[in-house]
Amino acid sequence: MVLKQAAEVGDAVKALLTEEELTVEQMSMDLNISKQLGSHIKNDRRRMQQDIAKQSIRVYEDSPEYIGELLYEFSDGYTSPVLKGPAIERHRLAVEANAERELSEALEKIRTVCLAKPPSIVDENEKEGIAQLMDELLEARAFIDNLNMMLEKDYGIPIKKRIRKLLPQWKAKGWI
């Protein structure tokens, strides 16, 4: 995976400005860019460049959903999107219930899909079952990622700080 050099992030910027009660001028000053460029980025007339995105993530590190949207756009869809469609209730209890449901569905699919066969001898039907397993895992990951973003925002517990705390344990277990 290669990160994009630039991405359209107008919706993310608009949400950030609303959430943080910022003006385009304030954001532009925070990011050391012209007010005109800030306005163009907000309105998707210009794409945000990677260096501005990095600075933006540092400056607005207390806005996990904004960071999540930037990561999703710059990774070209490799990371989980911020789930905020009309069918999503943006409350931690609702997202927790969805994460639990999606995890259960993923675990059930893990139990039913056989991964013991070497990939070179899997038939098309079995491959489709594996693709469905991946779909369930991705749906669970999306809700888990969104729940973590909400917990960070609501409780002020940074995801990055938690990961840094866990890294030595993961290394000790030989996971990384």
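## Notes on a predicted helical model

1. **One side of helix 6.** In helix 6, the buried residues are Ala 94, Val 95, Asn 98, Ala 99, Glu 102 and Ala 106. Why do they sit on the same side of helix 6? Because they cover an arc of only 135 degrees around the axis.

2. **The rest of helix 6.** The face turned away from the buried side carries Leu 93, Glu 100 and Arg 111, which are exposed. What do the buried residues of helix 6 pack against? Their partner is helix 7, residues 124-155. Helix 6 itself covers residues 92-112, which makes 21 residues. From first C-alpha to last, helix 6 reaches 30 Å, close to the 30 Å expected at 1.5 Å a residue.

3. **The whole chain.** Let's step back for a moment. The protein has 8 helices and 2 strands, and from the N terminus on its elements run β-α-α-α-β-α-α-α-α-α. Along its principal axes, the C-alpha trace spans about 55 × 40 × 35 Å. There are 176 residues in the protein, and 31% of them are buried. The protein exposes about 11,700 Å², with carbon and sulfur atoms supplying 53% of that area. Now take the contacts between residues at least 6 apart in sequence: 64% of them join residues at least 24 apart.

4. **The largest nonpolar core.** In soluble globular proteins, nonpolar side chains tend to be buried together. Here, the largest nonpolar core has 20 residues. Which of its members touch the most other members? They are Val 9, Val 13, Met 48 and Tyr 66. Helix 1 provides the largest share, 4 residues.

5. **Met 48 and a second core.** Setting aside neighbours within four places in sequence, Met 48 is in contact with Gln 5, Ala 6, Ala 7, Val 9, Val 13, Ile 41, Ala 53, Tyr 66, Leu 70 and Phe 74. There is also a second, separate core of 7 residues, and among them are Val 95, Ala 142, Leu 147 and Met 150. Val 95 is one of the buried residues of helix 6 from the opening point.

6. **Helix 3, buried or exposed?** The buried residues of helix 3 are Leu 37, Gly 38, His 40 and Ile 41. Seen down the helix axis, they fall within an arc of 165 degrees, so they line one face of helix 3. On the other side, Lys 35 and Gln 36 are exposed. The cover over the buried residues of helix 3 includes helix 1, helix 2, strand 2 (48-49) and helix 4. Just after helix 3 comes Asp 44, which takes a positive phi of about 60 degrees.

7. **Leu 17.** This residue is found in helix 1. Leu 17 counts as buried because its relative accessible area is 8%, and the cut-off is under 20%. Not counting residues up to four places away in sequence, Leu 17 touches Leu 22, Thr 23, Val 24, Met 27 and Lys 42. For a sense of distance, the C-alpha atoms of Leu 17 and Cys 114 are separated by 47 Å. Those two residues are 97 residues apart along the chain.

8. **Ser 80.** Where is Ser 80 found? Look in the loop between helix 5 and helix 6. Ser 80 counts as buried, at 6% relative accessibility. The Ser 80 side chain makes polar contacts with the side chain of Arg 141 at 3.3 Å and with the side chain of Asp 145 at 2.6 Å. Leaving aside neighbours within four places in sequence, the contacts of Ser 80 are Gly 68, Tyr 72, Arg 141, Ala 142 and Asp 145. Ala 142 also belongs to the second core.

9. **Gln 50.** This residue lies in helix 4. At 19% relative accessibility, Gln 50 counts as buried. The side chain of Gln 50 reaches the backbone oxygen of Lys 4 at 2.9 Å. Not counting residues up to four places away in sequence, Gln 50 touches Leu 3, Lys 4, Gln 5 and Phe 74. Gln 5 and Phe 74 are also among the contacts of Met 48.

Technical notes: Residues are numbered from 1 along each chain as its sequence is written. This is a predicted model: local features need pLDDT of at least 70, side-chain atom pairs count only at pLDDT 80 or more; totals for chains, interfaces and linings use all residues. Side-chain values use heavy atoms; hydrogens and water are left out. A nonpolar core is a set of buried Ala, Val, Leu, Ile, Met, Phe, Trp, Tyr and Cys residues joined through side-chain atoms within 4.5 Å. Buried means under 20% relative accessible area, exposed over 50%, partly exposed in between (1.4 Å probe, protein chains only). Contact means heavy atoms within 4.5 Å. The expected span of a helix is 1.5 Å times one less than its number of residues. The arc is that of the directions from the helix axis to the C-beta atoms. A polar contact is a pair of N or O atoms within 3.5 Å; within protein, one must be able to donate a hydrogen and the other to accept it, and residues adjacent in sequence count only if both atoms are side-chain atoms. Accessible areas come from the Shrake-Rupley method with a 1.4 Å probe; for residues, only the protein chains shown count as cover.
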